[in-house]
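Have a look at it first, and then we'll go through a few spots one by one.

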Amino acid sequence: MGDLFDKFDPIIAEKAALLATGVNDPFNLVMEKVHSPTEATVNGRETILVGTYNYMGMTFDPDVIAAGKEALDQYGAGTTGSRVLNGTYQGHREVEEALKDFYGTSHAMVFSTGYQANLGLMATMAARGEYIILDADSHASIYDGCAMGNADIVRFRHNSVEDLDKRLGRLPAEAGKLVVLEGVYSMLGDIAPLKEMVAVAKKYGAMVVVDEAHGMGFFGPNGRGVYEAAGVEADVDFVVGTFSKSVGTVGGFVVSNHPKFEVLRLVCRPYVFTASLPPSVVATAATSIRKLKHAHNKRQHLWENSRKLHSGLKAKGFKIATETAESAIIAVLMPGQEACARMWSALIELGVYVNMARPPATPAGMFLLRCSLCAEHRAEQVDIIIDRFVQAAEIAGIPLND
Ligand code: PMP
């Protein structure tokens with residue numbers, strides 16, 4: 001009898017070899033205590049967090065916490081059911097209202113995670129004989145949704161308007177098409193040229209979805225995302241998002257103005273066949289979303305922090321994935337897996353947590369230390385992060401540019 005685990009032997013061996021070099025395990029970290037959106041105790045040490053998606057620092061907002069506690073007391077710990085059966089409470093309605101108001105759309109549908117929102121939309125909206133056209137660097141949830149459905153999948157080169165145009169031009173004119181874009185691409189922190197891309201999609205009569213997981217709260221006058229900042233709201237058919245980043249809790253959603261949108265509640269399997277979010281979670285999300293709409297000062301401070309970290313690290317000789325700070329994600333390029341893990345490990349021992357990212361999450365075999373900023377980082381914390389990057393590079397033997 002073959003052991004079905006044997007196929008994972010190369011991964012087991014790779015991890016063992018990496019840990020044998022003496023580094024801490026970057027994928028097995030425990031936050032022993034979390035003090036604020038930017039500080040935690042890790043391995044008994046006070047640590048600055050610069051590898052979370054807590055962009056707007058809403059996890060510890062007093063109004064958000066109070067709303068969660070009240071809902072927990074009033075409605076209990078969970079719904080124990082699907083949205084289409086016993087799992088829609090008043091709070092689920094309210095968070096959908098908060099989303100409609102935030103996005104200025106006529107419909108909003110809340111899923112249990114952003115991953116499931118993408119699974120549901122991709123697998124359901126395009127059927128056999130129809131096409132999904134997606135950026136090659138799309139998030140795993142978009143790819144997984146495509147794999148779950150029956151549409152034909154066409155990939156275009158990352159952020160290439162020309163390649164999108166070429167590939168759309170080859171498809172049958174009458175076939176249904178869904179172009180899938182992301183506002184911010186989470187590995188490199190680069191943003192999509194949405195104005196041009198949406199125009200190309202519309203030229204070929206395609207419907208458009210933009211995943212604003214990393215743009216919500218931060219981009220655009222109302223914090224709707226990169227598509228708002230790009231002025232293409234009228235031509236975007238669906239926006240997908242998550243509560244697990246700027247909103248500061250967990251959950252996912254799709255918003256739209258399409259008059260037939262509500263049918264998705266009946267046909268979207270990742271919406272129907274799973275339990276709905278706990279009442280405390282939807283209450284925290286609704287409160288957070290209402291506050292994000294007016295969080296202009298936080299948006300401005302997050303931009304200041306992002307630009308400061310980008311220019312600071314660049315000035316010290318680190319290679320960054322983008323020329324300037326395009327978003328709150330600053331991805332520092334590392335020469336390889338071992339160097340990346342050494343540097344990550346040195347940083348954690350100096351009290352700085354960043355994300356280590358590696359293939360298959362990253363494009364083109366890249367190894368990255370991804371910093372993501374928070375509106376609640378103080379300028380002094382950003383200075384400390386830059387200093388500790390320099391110290392860590394010395395400890396880990398990472399060469400820096402002159
Ligand atoms: N889309 C993108 C672009 C993401 O980066 C993520 C999460 N990292 C998701 C969707 C899924 O979000 P969630 O955490 O809510 O499942």
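Let's begin with the ligand: 13 residues surround it, and the closest are Thr113, Gly114, Tyr115, Ala213 and Thr242. Keep in mind that this is a predicted model. Which helix gives the most to the shell around the ligand? That's helix H4, covering residues 114-125, which supplies 3 residues. Sorted by class, the shell around the ligand holds 9 polar residues, along with 2 nonpolar and 2 charged ones.

**Two helix pairs**

Now for some packing. Two packed helices are described by the angle between their axes and the distance between the axes. Here are two such pairs:

| Helix pair | Angle between axes | Distance between axes |
|---|---|---|
| H13 (residues 337-349) and H14 (residues 379-396) | about 130° | 8 Å |
| H6 (residues 161-169) and H7 (residues 194-203) | about 10° | 10 Å |

Take H13 and H14 to start with. Their angle of about 130° makes H13 oblique to H14. H13 passes H14 in a right-handed crossing. On the H13 side, the contact is made by Ala339, Arg342, Met343, Ala346 and Leu347, while H14 brings in Arg388, Ala392, Ala393, Ile395 and Ala396.

H6 and H7 pack at an angle of about 10°, so H6 counts as roughly parallel to H7. H6 puts Val161, Leu164, Asp165 and Leu168 into the contact, and H7 answers with Glu196, Met197 and Val200. By class, the contact of H6 with H7 has 5 nonpolar and 2 charged residues, and again no polar ones.

**A look at one cysteine**

Last stop: Cys371, which you'll find in strand S16, residues 367-372. Is Cys371 buried or exposed? Cys371 counts as buried, because it has 27 C-beta neighbours inside 10 Å, and the cut-off for buried is 20 or more. Leaving aside residues up to four places away in sequence, Cys371 touches Val50, Gly51, Leu309, Ile330, Val332 and Val354. How far apart are the C-alpha atoms of Cys371 and Glu46? They're separated by 18 Å, with the two residues 325 places apart along the chain.

Conventions: Residues numbered from 1 in each chain as written. Predicted model: local features only at pLDDT ≥ 70, side-chain atom pairs only at ≥ 80, totals over all residues. Near = placed C-beta within 6 Å. Helix = DSSP H or I, 4+ residues; strand = E, 2+ residues; numbered from the N terminus. Nonpolar A, V, L, I, M, F, W, Y, C, P; charged D, E, K, R; others polar. Axes fitted to C-alpha atoms, helices over the stretch in contact; angles between N-to-C directions. Parallel < 35°, antiparallel > 145°, perpendicular 65-115°, else oblique. Left-handed = near helix turned anticlockwise from the far one by under 90°. Contact = placed C-beta atoms within 7 Å. Buried ≥ 20, exposed ≤ 12 C-beta atoms within 10 Å, placed from the backbone.
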